Amino acid sequence: MRRRLLAASLELGVPVVLVAGWWLWSTRSESFYYPPLPDILSTFADTWLFERVADDVLPSLARLAAGFTIAAIFGIGLGLALGLSRPARLTLAPTVEFLRAIPTPALIPVAIVLLGIGDTMRVTIIATACVWPILLNAIDGVAGIDTTLVETARSYRVRRLDRVRWVVLPAALPQIFAGMRTSLSVGILVMVVSEMEASTNGIGFFVLQSQRTFAIPEMWSGILLLGILGYALNFGFTRIERRVLRWHRGWRASALGAA
Amino acid sequence: MSLLEVDRLGMHYGQGRRVTEAIRDLSFAVERGELVSVIGPSGCGKTTLLRCIGGLLAPTSGAVVLRGEPVTGPPDEMAVVFQEYNRSLFPWMTVRQNVAFPLRGKGLTKHARRERGEEAIAAVGLTRSLDHYPWELSGGMQQRVAIARALAYQPSVLLMDEPFASVDAQTRADLEDLTLRVRDEFGVTIVLVTHDIDESVYLADRIVVLSPAPGRVQETVRVELPKPRDQIETRTLPEFTELRTHVHRAVKRPPEGV
């Protein structure tokens with residue numbers, strides 16, 4: 001109990017100390033580039049509560065959501081297919097490894113040429129970056145499924161589609177979720193990058209625009225917002241994961257207890 | 001004609017010099033309603049044999065024949081209870097879902113699936129745990145769920161692969177009696193693989209003793225102990241001790257013609 005209390009107070013305490021430190025250090029700051037934290041916070045309130053939410057935050061989130069969803073559908077679908085078929089996996093492994101090694105921002109110029117400068121390009125870029133962690137984790141999860149589970153399903157003549165939906169997919173889901181969590185942070189990163197190129201709105205656009213027009217507190221407030229958004233999205237995602245994978249935590253705990 | 005025939009079954013793994021022969025020229029038959037236990041020293045190919053019978057593994061030679069038809073894949077009228085209950089039950093499904101899941105392919109309505117599942121769960125005495133996850137239950141209870149799942153499938157042949165090897169002695173005795181009871185209740189033929197001589201004698205109508213690898217039939221022993229079997233009375237009968245000694249010797253004896 002005392003240890004948990006200590007852990008909780010540290011969890012809360014560290015950010016509080018960091019913010020207080022920043023506050024103290026920056027209050028007397030004369031530097032143009034490092035404005036006092038109170039200035040940044042008041043700018044933050046003016047800018048993001050809720051003036052520019054519809055202009056910049058919602059477009060950013062919409063792009064992220066679209067890109068992430070497309071990546072999840074492709075990643076899980078293709079991951080199931082490759083995970084289930086060893087020949088397909090072996091055939092495509094070098095290609096997948098090569099494509100995934102390309103830093104996605106390097107593809108932005110190509111995407112602009114092929115898809116123009118609209119949201120299609122941005123969503124495509126986000127989806128491309130997000131698909132790899134999901135795909136690779138899905139392949140691993142499917143390929144590593146316990147053979148006894150598969151044999152059981154086979155011995156009961158469970159049809160292929162039912163087998164994939166009710167046995168293979170749930171068995172791989174813990175790993176797929178781990179991949180999606182990674183993809184989410186990658187997605188935010190690429191979202192910002194994609195908005196810094198040929199864009200007219202979005203948080204990334206706002207940060208770059210602020211810097212270019214020497215609106216330094218605005219720039220900082222945008223960065224702060226990205227941090228908060230990333231944190232909140234990850235928090236929300238972890239909540240969903242815990243709910244969906246409730247069985248997994250219980251099962252693992254009982255497996256560890258028995259061993 | 002016997003319900004199930006294992007006909008000169010042979011199985012080897014690997015190729016060239018690294019080839020391992022698991023079973024060789026193995027034949028026996030199982031009659032309807034019989035409980036046949038297969039016993040042999042470890043590594044004699046018991047599990048390979050069971051997987052071949054269940055259509056999970058294609059034999060290298062010979063055949064498994066069910067009602068006159070060769071088995072080429074898992075037959076509709078067979079169900080398997082694996083040794084590793086904790087790996088054979090789906091941890092993301094509740095007890096109820098685990099038991100009803102295999103019935104999806106049987107062309108039953110959702111309601112009928114549910115009912116059949118609940119009936120089977122009641123037969124193994126787990127009605128109170130219907131909505132629990134398997135990992136919330138003890139090992140013995142988990143194996144009961146696996147047995148319920150097999151019963152709900154209503155197979156004519158139930159294959160059991162060392163089903164009680166990883167539970168404690170008391171639970172094991174309970175599960176043995178449960179097996180005998182549901183055998184009568186559901187009228188199912190059972191082939192049970194075990195390495196436990198006492199268990200094979202206690203449960204079986206007939207014991208097939210396998211030789212060390214490559215497994216062949218060393219001897220078939222008919223068990224004519226009175227029924228219903230009783231954990232205390234049956235095991236103290238002189239016939240039980242005799243059979244047990246006999247089977248023990250058969251397991252130890254080097255195979256003929258070697």
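Before anything else, a definition: helices (H or I, at least four residues) and strands (E, at least two) are DSSP runs, numbered from the N terminus. I also need to say that this is a predicted model, in which local features need pLDDT of at least 70 and side-chain atom pairs count only at pLDDT 80 or more, while totals for chains, interfaces and linings use all residues. Residues are numbered from 1 along each chain as its sequence is written, chains are lettered from A and ligands numbered from 1 in the order in which they are written, and side-chain values use heavy atoms, with hydrogens and water left out.

Let me start with the open spaces. By a pocket I mean, on a 1 Å grid over the protein atoms alone, an open set of points with protein on both sides within 12 Å along at least five of seven lines, whereas a cavity is a set of points where a 1.4 Å probe fits but cannot get out, and in both cases the lining residues have an atom within 4 Å of a point. Grid points are joined across faces, edges and corners, and a volume is the space filled by probe spheres set on the points.

The largest pocket holds about 590 Å³ of space. Its lining has 17 residues, and those closest to the centre are Trp166(A), Met93(B), Gln97(B), Phe101(B) and Arg104(B). Which elements supply at least two residues each to this lining? They are α8 (160-195) of chain A, together with α3 (95-100) and α4 (110-123) of chain B, and α8(A) gives the largest share, five residues. Sorted by class, where Ala, Val, Leu, Ile, Met, Phe, Trp, Tyr, Cys and Pro count as nonpolar, Asp, Glu, Lys and Arg as charged, and the others, Gly among them, as polar, the lining of the largest pocket has 10 nonpolar, one polar and six charged residues.

The second largest pocket, of about 320 Å³, is also lined by 17 residues, with Leu84(A), Val142(A), Ile145(A), Val150(A) and Val168(A) nearest its centre. Here at least two lining residues come from each of α3 (53-84), α4 (86-101), α6 (119-143), α7 (147-155) and α8 of chain A, and α8(A) supplies the largest share, five residues.

Now please turn to helix α9 (residues 203-212) of chain A. Why can α9(A) be called largely enclosed by the rest of the structure? Seven of its 10 residues are buried, where buried means under 20% relative accessible area, exposed over 50%, and partly exposed in between (1.4 Å probe, protein chains only). The buried residues include Phe205(A), Phe206(A) and Leu208(A), and what covers the buried residues of α9(A) includes α2 (37-48), α3, α8 and α10 (216-244) of chain A.

Most residues other than glycine have a negative phi, and most peptide bonds are trans. With that in mind, look also at the peptide bond from Leu49(A) to Phe50(A), which is cis, with omega near 0°, and at the one from Lys227(B) to Pro228(B), which is cis with omega near -5°.

Finally, chain B has an open sheet of four strands in the order β2-β1-β4-β5, with antiparallel pairing, where two strands pair if DSSP finds at least two bridges between them. β2 (20-30) and β5 (69-70) of chain B stand at the edges with a single partner strand each, so one side of each is left without a neighbour in the sheet. Seven bridges join the antiparallel β1(B) and β2(B), and Glu5(B) stands opposite Ala29(B) in β2(B). In the hairpin that these two strands form, with six residues between them, Gly14(B) takes a positive phi near 80°.

Key
Contact = heavy atoms within 4.5 Å.
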